[in-house]
Amino acid sequence: MHYNTTNEYGDNIIKARNDALKQDQRVLAVFQAFSGRELSPWIVRAKMETNAPITSIRRAINTLSKDGKIKKTKTKLMGPFGKPSYCWKLSDEQS
């Protein structure tokens, strides 16, 4: 899911949507590779070995959660800036 907050159109919006879909697939692949483990957005980002903004990782996690592919847990882990971050794990249907 791409959120068109900058009012893009034409080829730009098509590329943005395709990029978002690819990122969703990459994030899901991390959860599948670590099936059963609870992962924070920061852990997912590290496992992806990407410099993508953490907000992009969170957007993908939100989309995958809405699609029922992953689910939010009650677990929180400390992030790199001293703030707790919730964890998600692969949904039962995806395991």
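Predicted model: local features only at pLDDT ≥ 70, side-chain atom pairs only at ≥ 80, totals over all residues.
Q: How are helices H2 and H3 oriented to each other, parallel or perpendicular?

A: An angle of 65 to 115 degrees counts as roughly perpendicular. Helix H2 (residues 41–48) packs on helix H3 (residues 54–66) at about 105°, and their axes are 9 Å apart. The two helices are therefore roughly perpendicular.

Q: Which residues of H2 and H3 meet?

A: From H2 come Pro41, Trp42, Val44, Arg45 and Met48, and from H3 come Ile54, Ile57, Arg58 and Ile61. By class, this contact has seven nonpolar and two charged residues, with no polar ones.

Q: What does the largest nonpolar core contain?

A: In soluble globular proteins, nonpolar side chains tend to be buried together. Here the largest such core has 16 residues, and those with the most contacts inside it are Val27, Phe31, Val44, Met48, Ile57, Ile61 and Ile70. At least two residues each are supplied by helix H1 (11–33), H2, H3 and strand E2 (84–90). H3 gives the most, with five residues.

Q: Which residues does Ile57 touch?

A: Leaving out residues up to four places away in sequence, Ile57 touches Gln23, Val27, Pro41, Val44, Arg45, Met48, Thr50 and Ala52. Val27, Val44 and Met48 are, like Ile57, among the residues with the most contacts inside the core.

Q: Is Thr63 buried or exposed?

A: Buried means under 20% relative accessible area. Thr63, in helix H3, has 8% relative accessibility and so counts as buried.

Q: Where is Thr63 relative to Asp24?

A: The two are 39 residues apart in sequence, while their C-alpha atoms are 7.5 Å apart in space.

How values were computed
Residues numbered from 1 in each chain as written. Heavy atoms only, no water. Axes fitted to C-alpha atoms, helices over the stretch in contact; angles between N-to-C directions. Helix = DSSP H or I, 4+ residues; strand = E, 2+ residues; numbered from the N terminus. Parallel < 35°, antiparallel > 145°, perpendicular 65-115°, else oblique. Contact = heavy atoms within 4.5 Å. Nonpolar A, V, L, I, M, F, W, Y, C, P; charged D, E, K, R; others polar. Core = buried A, V, L, I, M, F, W, Y, C linked by side-chain atoms within 4.5 Å. Buried < 20%, exposed > 50% of the residue type's maximum accessible area, 1.4 Å probe, protein only.
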